[in-house]
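Biologist: I'd like to learn how to read a model like this one. Could you walk me through it?

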Amino acid sequence: MFAEERARVAVLDVDDNSGEETIRLIKGSGGEARFFKADVSNATEVKNAIDQVETVFGRIDILVNNAKAIRAEADPEAARRAAESCHPANRLGWPEEIAQVILFLASDEAAYATGSVLSIDGGYTAQ
Ligand SMILES: NC(=O)c1ccc[n+]([C@@H]2O[C@H](COP(=O)([O-])OP(=O)(O)OC[C@H]3O[C@@H](n4cnc5c(N)ncnc54)[C@H](O)[C@@H]3O)[C@@H](O)[C@H]2O)c1
């Protein structure tokens with residue numbers, strides 16, 4: 001969605017396949033993106049990746065921290081159902097539902113919104 005708005009997107013991911021897949025999807029829809037491998041739980045790797053992003057793109061205007069902790073589940077389907085059952089909406093969120101809100105916060109329409117905390121969790125924290 002950011003690429004559709006002509007943002008140049010730097011994708012950080014610990015997993016080469018996931019990172020490259022994201023780049024493929026963005027470029028496939030005409031966007032501009034580069035993959036930088038980094039484990040976001042490792043401060044040195046993050047700093048090195050950010051330095052590379054600034055070298056390649058010149059600056060960073062919008063930063064989205066959205067990595068998921070990798071945990072091996074014995075039964076991924078049961079884990080998904082358990083996670084869904086915790087939500088008032090009875091489902092997990094779609095990436096687009098998160099990206100739309102981030103895009104709005106980064107837009108001119110939200111220029112006067114600063115330092116706000118906005119939950120995008122299907123009502124989970126409001127229960
Ligand atoms: N989808 C939901 O409804 C939901 C609900 C609660 C929380 N979340 C949170 O939202 C975020 C994204 O969820 P998602 O469903 O899009 O996850 P996803 O599994 O689709 O994507 C997570 C990505 O993060 C990468 N990653 C994992 N560990 C990393 C690390 N240490 N460093 C760099 N990259 C790493 C993975 O390789 C993967 O590409 C996560 O923080 C998740 O916990 C999502």
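**Domains, strands and a ligand**

Modeller: The domain assignment (bounds from an automatic or database assignment) gives domain 1 (1-67) and domain 2 (88-127). This is a predicted model, where local features need pLDDT of at least 70 and side-chain atom pairs count only at pLDDT 80 or more, while totals for chains, interfaces and linings use all residues. Residues are numbered from 1 along each chain as its sequence is written.

Biologist: How many residues of domain 1 are in contact with domain 2?

Modeller: Contact means that C-beta atoms, placed from the backbone, lie within 7 Å. Here 5 residues of domain 1 touch 6 residues of domain 2. The centres of the two domains, taken over C-alpha atoms, are 20 Å apart.

Biologist: And where does the ligand lie?

Modeller: Both domains give residues to the shell around the ligand, so it lies between them. A residue counts as near if its C-beta atom, placed from the backbone, lies within 6 Å. Of the 16 residues around the ligand, Val14, Ser18, Lys68, Leu92 and Gly93 come nearest.

Biologist: Which strands pair in the parallel sense?

Modeller: Strands are DSSP runs (E, at least two residues), and helices are runs of H or I with at least four, numbered from the N terminus. Two strands pair if DSSP finds at least two bridges between them. Strand S1 (residues 8-13) and strand S2 (residues 32-37) do this over 6 bridges, in the parallel sense. Leu12 stands opposite Phe36 in S2.

Biologist: What follows helix H2?

Modeller: Just after H2, Gly58 has a positive phi of about 90°.

Note on methods
Two residues are in contact if their C-beta atoms, placed from the backbone, lie within 7 Å.
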